[in-house]
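Hi,

Here is the structure I promised to pass on.

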Amino acid sequence: MVQQLENLASDTSGAIITASTSSHPDYPESNILDGQLKTFWITTGILPQEFILTFPQKTFIKKVIVSSRNVAEWVVYHTSDKKFELFAEQVLEDIDGIQTCVIEPVNGYEVLHLKFVILKAHDAFASIHRLVCYGDK
């Protein structure tokens, strides 16, 4: 029997977006955690843009999956206390449509917050459609 992994970054798991640098009433940051590809958070077009994911308690993260559109380059930081440290960096190809990226740190990290910073975009606006995190509570 295949074990179903729990998405620790879902809105039903208690994770929330505690900060974002842009907000639009039709595309709120809460859309990142609703599990749907058709909904999304959109940047304002001025870069860099960022959002912070906060878990309800310290969580050991082994894998992060992000579905986005028009993100060209980003960096992800983690913290379990007050100092953010590098989690991952990615440069993404320019494709037509939603692109899904997988981040699997070699040893995983204990985190309370993940900060995603979009440094460059392939167009005037970029969007984050879905965020999934796997690990242990």
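On the surface, Glu93, Asp94, Asp96 and Asp123 come together as a patch of negative charge. A patch here takes residues with over 30% relative accessible area and no salt bridge, with like charges joined within 9 Å; a salt bridge would be a side-chain nitrogen of Lys or Arg within 4 Å of a carboxyl oxygen of Asp or Glu. Asp and Glu count as negative, and the charge is placed at CG of Asp or CD of Glu.

This is a predicted model, so to speak of local features needs pLDDT of at least 70 and side-chain atom pairs count only at pLDDT 80 or more, while totals for chains, interfaces and linings use all residues. Numbering runs from 1 along each chain as its sequence is written, and side-chain values use heavy atoms, with hydrogens and water left out.

Asp96 is exposed because its relative accessibility is 82% (exposed is over 50%, buried under 20%, partly exposed in between, with a 1.4 Å probe and protein chains only).

Thr59, in strand β3 (residues 49–69), counts as buried because its relative accessibility is 3%. A polar atom of the Thr59 side chain lies 2.8 Å from the backbone oxygen of Gln57.

The loop between β1 (16–20) and β2 (41–42) holds Ser22, which is buried at 3%. Leu37 is also in the loop between β1 and β2, but at 33% relative accessibility Leu37 is partly exposed.

Cheers

Methods
Patch = residues over 30% accessible without salt bridge, like charges linked within 9 Å, V, L, I, M, F, W, Y side chains within 5 Å. Areas by Shrake-Rupley, 256 points an atom, 1.4 Å probe, with all protein chains shown as cover. Helix = DSSP H or I, 4+ residues; strand = E, 2+ residues; numbered from the N terminus. Polar contact = N/O pair within 3.5 Å; in protein donor to acceptor, adjacent residues only side chain to side chain.
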